[in-house]
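Me: Hi! Could you walk me through a structure with me asking quick questions as we go?
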Amino acid sequence: MTAPLIDPFQRAVTYLRVSVTDRCDFRCVYCMSENMTFLPKKELLTLEELDRMCSTFIRLGVRKLRITGGEPLVRRGIMTFFDGMKRHLDSGDLDELTLTTNGSQLHKFAGDLWKAGVRRVNISLDTIDPDKFAEITRWGRLEQVLRGIDAAQEVGMRVKINAVALKGFNEDELFTLAEWCASRDMDMTWIEVMPMGDLGNEDRLDQYWSLKDLRARLAERYTLTDLAERSGGPARYVRLEETGQKIGFITPLTHNFCESCNRVRLTCTGQLYMCLGQEDMADLRAPLRASAEGEGQLEEAIRAAINLKPKGHDFDYSRQRTDGQMSRHMSHTGG
Ligand code: SAM
Ligand code: SF4
């Protein structure tokens, strides 16, 4: 038996989030600048390397794999990777294979993803107003994402909508979005905007809409019941009694989840970030490239990295300063 991955604070690492590309067909204003420079392709893990990497984590006890990016579905050949991961679902070593996507390519991929064992998908959508959608994503078209959502639901996937809470932008859609999601039997999660990347941070402070306020406003119209359910991540959930749907709140800026944190993130270049809010990372690409499957070097490097997982993180908007700011982009680390 291989010993599971346990960090110094006795948290078992069972959840791996993997960014498979830093590229994207959108340019959401809070995530990317319009003229992004992307990494040279040779820096990226190949599909075969991604498979070996994830398979090693699964052997070490990871039970849930979330694929993200950039936009995971613009990575060429990505279905080869998903198809490969299916063997771990089939063997029972993996409980869930899922992805976070902007939905733009989902109409093409939903059927194949279902065949690869994907049963749930998170789709990022901050507004259902076509003009506002074009404004916030710069390059996106709402209609295409709606087609993707239709396709995912048609094949039988559960869809959850993720929206970034932006003051003065989607505040007025709080109820519209909740009702639209309820009418389509979709749960929803609100995400507090994070100080990631190196651009427009001041704007982001301006756009910061606290989920405490958002939640209070929801409670003016609906009866909210707190759910005990925890994902091991930064989300807390309530049920809206009137619609029956679940609403999540992801507040990465507060410290209320670090103690139960069961996750680590792998970038598309093979760096492992042990905490969303800290810069500490371990390079796993070198040991991966140096070792053939079955050799211990990668496993050793993963264990050494997990030993460095910090107790908690450092974001802080409360003092209106930016020293908790991360210099990396969500699209690189995988949001
Ligand atoms: N492209 C895919 C998508 O948009 O779903 C996956 C990658 S994206 C980086 C993952 C999530 O991060 C999205 O839900 C996005 O809204 C969120 N995100 C990006 N930048 C963010 C920021 N500065 N603060 C909070 N959430 C952010
Ligand atoms: Fe692309 Fe997702 Fe970032 Fe938007 S949030 S630019 S869709 S990676």
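Me: Which atom of ligand 1 does a backbone N or O atom of Thr101 lie 3.2 Å from?
Reply: An oxygen atom of ligand 1. That counts as a polar contact, a pair of N or O atoms within 3.5 Å. Before we go on, this is a predicted model, where local features need pLDDT of at least 70, side-chain atom pairs count only at pLDDT 80 or more, and totals for chains, interfaces and linings use all residues. Residues are numbered from 1 along each chain as its sequence is written, chains are lettered from A and ligands numbered from 1 in the order in which they are written, and side-chain values use heavy atoms, with hydrogens and water left out.

Me: Thanks! What lies 2.9 Å from a backbone N or O atom of Gly70?
Reply: A nitrogen atom of ligand 1. Met194 also has a backbone N or O atom 2.8 Å from a nitrogen atom of this ligand.

Me: And how many residues surround ligand 1?
Reply: There are 17, and the closest are Tyr30, Gly70, Thr101, Ser124 and Met194. A residue is near a molecule if one of its heavy atoms lies within 4 Å of it.

Me: Which residues are around ligand 2?
Reply: Cys24, Phe26, Cys28, Cys31, Met32, Gly70 and Asn102. By class, that shell has 5 nonpolar, 2 polar and no charged residues. Here Ala, Val, Leu, Ile, Met, Phe, Trp, Tyr, Cys and Pro count as nonpolar, Asp, Glu, Lys and Arg as charged, and the others, Gly among them, as polar.

Me: Switching to helices: at what angle do helix 3 and helix 5 pack?
Reply: Helix 3 (residues 106-115) and helix 5 (residues 142-155) pack at about 20°, with axes 8 Å apart. That makes helix 3 roughly parallel to helix 5, a label for angles under 35 degrees. Helices are DSSP runs (H or I) of at least four residues, numbered from the N terminus. Axes are lines fitted to C-alpha atoms over the stretch in contact, and angles run from 0 to 180 degrees between N-to-C directions.

Me: Which residues make that contact between helix 3 and helix 5?
Reply: Helix 3 brings Leu106, His107, Ala110, Gly111 and Trp114, while helix 5 brings Gln144, Arg147, Gly148, Ala151, Ala152 and Val155. Contact means heavy atoms within 4.5 Å. The classes are 6 nonpolar, 4 polar and 1 charged.

Me: What about helix 6 and helix 8, where do their axes cross in angle terms?
Reply: Helix 6 (residues 174-183) and helix 8 (residues 211-221) cross at roughly 65°, their axes coming within 10 Å. They are therefore roughly perpendicular to each other, the term for 65 to 115 degrees. Leu174, Phe175 and Glu179 of helix 6 meet Leu214, Arg217, Leu218 and Arg221 of helix 8. Those residues divide into 4 nonpolar, no polar and 3 charged.

Conventions
Helix = DSSP H or I, 4+ residues; strand = E, 2+ residues; numbered from the N terminus. Parallel < 35°, antiparallel > 145°, perpendicular 65-115°, else oblique. Polar contact = N/O pair within 3.5 Å; in protein donor to acceptor, adjacent residues only side chain to side chain.
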